[in-house]
Amino acid sequence: MARRPPTEDQKAERAQQLEHLHAQIADKVADLTSSEQWQAWLRVASRFHQYSFNNTILIWTQRPDATLVAGYTTWQKSFHRQVTRGEHGIRILAPVTRRLPKTNADGTPLLDDKGKPVMTTQIVGVKPTSVFDISQTTGDPVPEPPQPALLTGQALDGLWQALATLVGEQGFRLERGDCCGANGYTDYTTRTVKVRDDVDDAQAVKTLAHELGHVLLHQPTTDADPVCRGSREVEAESVAYLVTAAHGLDSSQYTFTYVAGWAEQALPHHPEGTTIADVIHTTGARVLKTAHQILDATAAPDNTQPVAQALTEAVTRNVAADRTPLLLEEAGSPVALQAAAISRPAHRVEVSGCSPGRGISRAAPRP
């Protein structure tokens, strides 16, 4: 199908509309994360431990379907849930700590304003212990955050192929099939992008746009600045939202919830006082540049409306709806908000937290 490149006027109009849409992500996500449902989940999540990479692997190898894990007494006292009789614990390594006095650079004890030694807790070893997944317990329900809803229906004719061509031009092989629970992933080790094959075309195209965002933004290089996992997911999903909106596909219901989860996780890696909206705004230049790059190569076909017109209609539609997606369909809790989130490894694992974009970029919740 013949495609025409956008004119300079169309590019200028598109730039204005993309900036509007990107700003809207921050506004809608801020509304979502201030909701009672989201705050209830954060209060719950704060009671779960953050597990080390090694313990994450131990949990995954013993119970790959685990979602929320905690110790026996934590389930009882904090959540009023009881471990089901006969369940076997998941063995992990717990730190052994000891209270020790702090010292100055010269080795002398550090004293407080009353002349007493300042004490600190240090890890001096580890010991085996058992934790249990929520599926191994019964009792009071645990609040969950809103969930992204899979897109349904058809996508713009030819958009999949245009995105696939860009993936190939970056030296990545595109595959369809089982993604081990995710909607898609990008594997930098094997230079493969994979999208699950049992979703509607609209979801598949959005996922491909998300993964293309990872390909263009997050390939590991020796001179690249490390970007935390949360920020990477915010960037990739924001790119997908802008690209699909430009082609008349509204993914806002999915995007706002997805971005909220990952932006929340990125907060600890930003200066104190940073808000979720700030996290999203800081991605603006990179996201907009990448969205323009993709849209230049996926210009609207001759028999469809211009990209700028589609963007205008997308903005109008979303502003008029003024919706914050709280009642969503996809089951499960965002790993970004699960204090005991389990990353399923394949080749090298890209875990939550600030680290260079190496190994797999696997979306959770699913892109």
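The hairpin of β7 and β8 has 4 residues between its strands, and there Arg191 takes a positive phi near 50°. This comes from a predicted model. One of the facing pairs puts Asp187 opposite Thr192 of β8.

Strand β8 also has a partner in β6 (residues 173-176), this time in the parallel sense and again with 4 bridges. Here Glu175 has Lys194 of β8 as its bridge partner. So what happens to the side chains along β8? In a regular strand, side chains alternate between the two faces of the sheet. Strand β8, which covers residues 192-195, sends Thr192 and Lys194 one way and Val193 and Val195 the other. Whichever way they point, all four are buried, Lys194 included.

Over to a helix: α2 spans residues 36-45, and its buried residues are Trp38, Ala40, Trp41, Val44 and Ala45. Looking down the axis of α2, these residues fall within an arc of 160°, so they line one face of the helix. Among the elements covering them are α1 (8-33), α4 (72-79) and α8 (252-266).

Of its 367 residues, 48% are buried. If contacts between residues at least 6 apart in sequence are taken, 78% of them join residues at least 24 apart. The chain's accessible surface is about 17300 Å², with carbon and sulfur atoms accounting for 51% of that.

Notes: Residues are numbered from 1 along each chain as its sequence is written. This is a predicted model: local features need pLDDT of at least 70, side-chain atom pairs count only at pLDDT 80 or more; totals for chains, interfaces and linings use all residues. Side-chain values use heavy atoms; hydrogens and water are left out. Buried means under 20% relative accessible area, exposed over 50%, partly exposed in between (1.4 Å probe, protein chains only). Helices (H or I, at least four residues) and strands (E, at least two) are DSSP runs, numbered from the N terminus. Two strands pair if DSSP finds at least two bridges between them. The arc is that of the directions from the helix axis to the C-beta atoms. Contact means heavy atoms within 4.5 Å. Accessible areas come from the Shrake-Rupley method with a 1.4 Å probe; for residues, only the protein chains shown count as cover.
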